[in-house]
Amino acid sequence: MFEFLHKSANKDHCMVVTQKDQEHMSPMDGTTGMIHSFETFGALDGPGLRFVVFLEGCPLRCVFCHNRDMLDLKDYMKMTPAQLLATVLDYKPYFGKKGGVTVSGGDPVFQPKFVLEFLKLCRKNGIHTTLDTSLFTSEKNLKTLVPYTDLFMVSLKHFDSEIHRCLTGVPNEIILKNIHTLNNIIEQGKKLKKATPRLWFRYMVLPGYTDTSKNLKALVEFLHKTKNWELIELLPYHTYGAYKWEKLGLKYTLSDIKPPEIKDILKIKKMLEKEGFKVLLGD
Ligand code: SF4
């Protein structure tokens, strides 16, 4: 059904992680947040109406990143967890039963201490919490975040670790291990009838890479094996953020890759639905 276009990564597409990138890829230690921006009525990043916090910084360097301007830790607002909560509380009346806060970025795991303190405050104030993350973090960090996170929206960029490294600058083993750890925590919690986080999987359809028959087979096997996925969100690759790379004087290496056609996305959606998964088309 799907052509297997790239058996390995095309070197011209790969991320070249510079010294400057490396300096900005190690997680921050502080409890004061570096915030890029907010979206006050987000409808795409989790259930219901949400206050979306875009944090600065990410431990990955994806070649298709549409928020490239958030990764160099340049222009950001500093806020304590309590200050951020005070801003969020103004919008709480609009969240309804389903909505809440989504911490996105960048990647929330880049500022784990700040995020943990903020999530604790949300929990105290009865606000639903979602993390939009790669899970490229230590197991210790993951385990501290779990009790205060209602929903994890996890994205994995490729199942082949070498291709993952080409596309993101880092291998995928830590992410896979953390997804398994998260699953085990959920399984144990269910047995003990404890509240556990919900899990959504976000999968970008990048023509020639993640829509190959080999990668899709790996996706299906992985989703069955890890279980607990409430929803699979298919995100068609797009180039909306490419201009940001140019503005920063950086090369956008995927300029020869066109966004996927809707008919191909629908084929993947149908295939996953046949496998028993609930699938949503994302943006
Ligand atoms: S994980 Fe997200 S924010 Fe981080 S580099 Fe990749 S696309 Fe950008």
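Leaving aside neighbours within four places in sequence, Leu-60 is in contact with Asp-107, Ser-134, Phe-136, Thr-168, Gly-169 and Val-170, where contact means that the C-beta atoms of two residues, placed from the backbone, lie within 7 Å. This is a predicted model, in which local features need pLDDT of at least 70 and side-chain atom pairs count only at pLDDT 80 or more, while totals for chains, interfaces and linings use all residues. Residues are numbered from 1 along each chain as its sequence is written. Helices (H or I, at least four residues) and strands (E, at least two) are DSSP runs, numbered from the N terminus.

- Leu-60 sits in the loop between β2 (50-55) and β3 (77-79), and it counts as buried because it has 24 C-beta neighbours inside 10 Å.
- A residue is called buried if 20 or more other C-beta atoms lie within 10 Å of its own, exposed if 12 or fewer, and partly exposed in between, with C-beta atoms placed from the backbone.
- Although Leu-60 and Val-170 are 110 residues apart in sequence, their C-alpha atoms are 6.5 Å apart in space.
- Leu-60 also belongs to the shell around the ligand, together with Cys-58, Arg-61, Cys-62, Cys-65, Asn-67, Gly-105, Gly-106, Asp-107, Ser-134 and Thr-168; a residue is taken as near a molecule or strand if its C-beta atom, placed from the backbone, lies within 6 Å of it.
- This shell divides into 4 nonpolar, 5 polar and 2 charged residues, with Ala, Val, Leu, Ile, Met, Phe, Trp, Tyr, Cys and Pro counted as nonpolar, Asp, Glu, Lys and Arg as charged, and the others, Gly among them, as polar.

**Backbone features in the loops**

- The peptide bond from Gly-105 to Gly-106 is cis, with omega near 25°, and Gly-106 is found in the loop between β4 (100-104) and α3 (112-124).
- Leu-73, in the loop between β2 and β3, has a phi near 55°, a positive value in a residue other than glycine, and it is partly exposed, with 15 other C-beta atoms within 10 Å.
- Lys-227 lies in the loop between α7 and β8 (229-236) and likewise has a positive phi, near 55°, in a residue other than glycine; with 10 C-beta neighbours inside 10 Å, Lys-227 counts as exposed.

**The nonpolar core**

- The largest nonpolar core has 65 residues, and those with the most contacts inside it are Val-53 and Val-205; such a core is a set of buried Ala, Val, Leu, Ile, Met, Phe, Trp, Tyr and Cys residues joined through C-beta atoms within 7 Å.
- Once neighbours within four places in sequence are set aside, Val-53 is in contact with Ile-35, Phe-38, Leu-84, Val-101, Val-103 and Ser-104.

**Helix α2**

- In helix α2 (residues 81-89), the buried residues are Pro-81, Leu-84, Leu-85 and Val-88.

- Helix α7 (residues 213-226) has 14 residues and reaches 20 Å from its first C-alpha to its last, close to the 20 Å expected at 1.5 Å a residue, where the expected span is 1.5 Å times one less than the number of residues.
- Asn-215, Leu-216 and Leu-219 are buried in α7.
- Seen down the axis of α7, the buried residues fall within an arc of 100°, so they line one face of the helix.
- Ser-213, Lys-217, Glu-221, His-224 and Lys-225 are exposed on the other side of α7, while its buried residues pack against β7 (198-205) and α9 (262-274).
- In α9, the buried residues are Ile-265, Ile-268 and Leu-272.
- They cover an arc of only 60° around the axis, which puts them on the same side of α9.
- What covers these buried residues of α9 includes β7, α7, β8 and β9 (279-281), and the face turned away from them carries the exposed residues Lys-263, Lys-270, Glu-273 and Lys-274.
- Just after α9, Gly-276 takes a positive phi of about 100°.

Notes:
The arc is that of the directions from the helix axis to the C-beta atoms.
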